[in-house]
Amino acid sequence: MRKLTGAFRLPKLPTSLQETLLHLLLAAVISVSVMAFPLGFIEAPLFDIRQNWSAKKTIDERIAIITIDDQTLNQLSEVSPLPLKYHQRAVEELERQEVRAVGYVMDFNKVQQLDDPGFKSESVQDFYRSTVRLNAQGIPFMLGIPYDMGGEVSAPYPLNQIPQSVAIIHKDGATFGRDKVTRRALVSLYEKMAFEMSLANRIYSNETILNPPGTYKSSEADAQYFLFRLHQKEGRIYDPEYENFAYPRYSFSDLVEGKIPDGTLKDKIVLVGTFQRETPSDFTLINSFQDSTPVPKILIQANILDSILNQQGLREIPAGILTVLCFLLSLVVVIASFRIRPSRLIGLTLVLLAGIALIALLLFQPIPFFGNHWLPLGAPFLSLTLSFYLMIPLRLYSEHRKRFALEKENQVLHEVEELKTNFIQLVTHDLKTPVARIQGLTEQLRRSLGNHLRSEDSDLIEHMLSANHELNNFIGSLLELTKLDSQGLRVSLQSKDVNPLLEAVISKHRFNAGSKKISIETDFEPLFPIRIDAELISKVLSNLIDNAIKYSPENTTVRISTRESGDRVTITIQDQGVGIPESEMPNLFSRFYRVKNDNTYRVKGTGLGLYLSRYFIEAHQGSIEVYSTEGHGTTFTISLPVNLKDQEVNQPGLRFQKPVTKPVGKKENLYA
Ligand code: ADP
């Protein structure tokens, strides 16, 4: 019967799929948690930076401002709030100037407190009647009234009959930036339009004026807001030093005294409000930076009205899109953290941060279609930073695990290598004695048979001796290698002239060369002695010359030359042999590597000669280069430093570079 337990086991997912799922899960967790985090405190300054760095809209020239300012109080010798008679005069003057509309921001309850007689006289009726007359002429007159704990503070009778709505300059307070900065404007409160919206609607009485773009419902009150845009003229919104406004501004005293030239205010939408230097409530902040100066509220009201009239406002990027963006950013960092070096990951994270900031800045600009968007940056920034800081320890952990596995693997390899070395050592050591005996016994046999040997038998004995000689060489090379592996390389430097060293090596190979009718030509430049280990360098030279003879056909030439250039001596061994195919070059200096070639398969060798040569040369801080053209010949060039110091000898760990390979063209060949 089949066991049931195994039948329901979940299928094991492939590692790559597991990894992908892990990445997606991490990015999702990060982005969702970031979105749930209240980030107003980051958002507010980031909003203000963009506000500072973004181009401003130019002002709507129809708007003008009249301020009840310090000049007004001085000229009229009054204190704030001004008695009613002045307001009465102002409205009459505005009527005379044929303005387009009037937005009158004033708390008439305060006026009444100071000027009770005025409210009992005809003045109040005159004022009221003037506003009615204006409205009757199609010149909207809108009163901006305050709002306190009890709700909107309606103007006293009979002024409460004038069209009026709440004029509040909204400070973000506890809701957005936890600061007193004005970034948004009220559109409506408890279903009733706010002051600037009402005024705009009355100006466009026949057309429907839409809510400004980006209007949103507030979560904390039954209110609607929008992020209004700031307006400038000649690069300025407000100049605190000269109290210059971007919008044309006139003093209230000039208005009531008839000093504003006729026609100046014709068809203007006039906002009237207080602006006294010593009255903090007349000002508000428009960004959160230390050096930001308070800006007159009446100016902000003009900016809000301008934004409404011209349908300008910032649209917030919806939370859904923002979550997807955070998710994608996290995903990039999470995936990259497993694939690239930590230093690159820092770079990538910074680039993403800068990129998203730049995009947000561009989106903020007043560009049609693309622009006028507010992309909250707190969440994307936090997603990136959080992903980065979470992934670093995770990456370290995974790296630690990998290293641990590698170390174990290394240990096993090391043990195998040791076993191999021991084995080779054992075998070669044990082989050396019988091979030497065969050599000795064969030579003895040849001597004792002497002249009795038939010529065929003599050839056989010669072959035996030569085969034995090769075996001996092979064992010698293996022993050398195992010695190097176990004991490292011992280099003892002495001052030696390379030329006599070469002569000695060449003389040992003359016989072999002669038997193949290969001539060895030398071209030695007189040299000073250099610091080398003569035994090791002799082995290298012997191997290269041996190869040059081995891999060359009969009746060719091997040319050996020496040169001194600067602080190096170069030795070149050039043959006219079979050459080495370019594809073989990368492996030429590897252990036991032999070129597989029809021309050379009969040639005996171990594939260790070049490996050891390079080992010895690099121990001398030298280099070995090979240039070859298949079928035409090979040139090996050794370069050795003249003044090698004992402490500069490279041992025992040798670095192996890729050999320099460059096939020599026919013309470059010395013998061509
Ligand atoms: P080997 O004992 O096989 O000669 P080496 O390490 O000395 O081992 O050389 C490695 C291989 O490089 C040789 O098998 C041979 O194919 C090639 N090689 C070395 N020197 C030459 C040369 N002068 N001309 C052509 N091929 C060469």
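Which residue in β16 does Ala 64 stand opposite? I looked this up first, and Ala 64 stands opposite Val 270.

**Entry 1, ground rules.** I note that the model is predicted, that local features need pLDDT of at least 70 and side-chain atom pairs pLDDT 80 or more, and that totals for chains, interfaces and linings use all residues. I count residues from 1 along each chain as its sequence is written, and side-chain values use heavy atoms, with hydrogens and water left out. Helices (H or I, at least four residues) and strands (E, at least two) are DSSP runs, numbered from the N terminus. I call two strands paired if DSSP finds at least two bridges between them.

**Entry 2, the six-stranded sheet.** I traced an open sheet of six strands with parallel pairing, in the order β7-β4-β3-β16-β2-β15. Its edge strands, each pairing on one side only, are β7 (164–166) and β15 (249–251). From one strand to the next the twist averages 25°. For such angles, axes are lines fitted to C-alpha atoms, for helices over the stretch in contact, and the values run from 0 to 180 degrees between N-to-C directions.

I then followed β2 (63–69). Seven bridges join β2 to β16 in the parallel sense. With β15, β2 also pairs in parallel, over three bridges. There Thr 67 has Ser 251 of β15 as its bridge partner.

Is β2 buried or exposed? Seven of its seven residues are buried, where buried means under 20% relative accessible area, exposed over 50% and partly exposed in between (1.4 Å probe, protein chains only). I checked both faces: Ile 63, Ile 65, Thr 67 and Asp 69 are buried on one side, and Ala 64, Ile 66 and Ile 68 on the other.

Helix α10 (297–309) lies across β2, β3 and β16 (269–275), and runs at about 155° to β16. I also looked at β3 (101–105) and β4 (141–145), which pair in parallel over four bridges. Val 105 has Gly 144 in β4 as its bridge partner.

I found Ser 165 in strand β7. Ser 165 counts as buried because its relative accessibility is 7%. I listed its contacts (heavy atoms within 4.5 Å). Leaving out residues up to four places away in sequence, Ser 165 touches Met 142, Leu 143, Gly 144, Ile 145, Met 193, Ala 194, Phe 195 and Ser 198.

**Entry 4, β8 and its partners.** Strand β8 (185–189) is mostly covered, with five of its five residues buried. I see β8 paired with β11 (223–226) in the antiparallel sense over four bridges. Ser 188 stands opposite Gln 224 of β11.

β8 is also joined to β9 (192–193) by two bridges, again antiparallel. Leu 189 has Lys 192 as its bridge partner in β9. I note that β8 and β9 form a hairpin with two residues between them, and that Tyr 190 in the turn has a positive phi of about 45°.

Which residues come nearest to the ligand? I found 21 residues around the ligand, and Asn 547, Tyr 551, Asp 575, Arg 594 and Leu 610 come nearest. A residue is near a molecule if one of its heavy atoms lies within 4 Å of it.

I looked for polar contacts, pairs of N or O atoms within 3.5 Å; within protein, one must be able to donate a hydrogen and the other to accept it, and residues adjacent in sequence count only if both atoms are side-chain atoms. An N or O atom in the side chain of Tyr 551 is 2.8 Å from an oxygen atom of the ligand. A polar side-chain atom of Lys 550 lies 3.2 Å from a ligand oxygen atom. For Gly 607, a backbone N or O atom lies 3.2 Å from an oxygen atom of the ligand.

Taken alone the ligand exposes 530 Å², and the protein buries 98% of that. Accessible areas come from the Shrake-Rupley method with a 1.4 Å probe; for residues, only the protein chains shown count as cover. α16 (534–550), α17 (609–619) and β27 (633–641) each give two or more residues to the shell. The largest share, four residues, comes from α16.

I traced an open sheet of five strands with mixed pairing, in the order β22-β24-β25-β27-β26. β22 and β26 (623–629) are its edge strands. β26 and β27 pair in the antiparallel sense over seven bridges.
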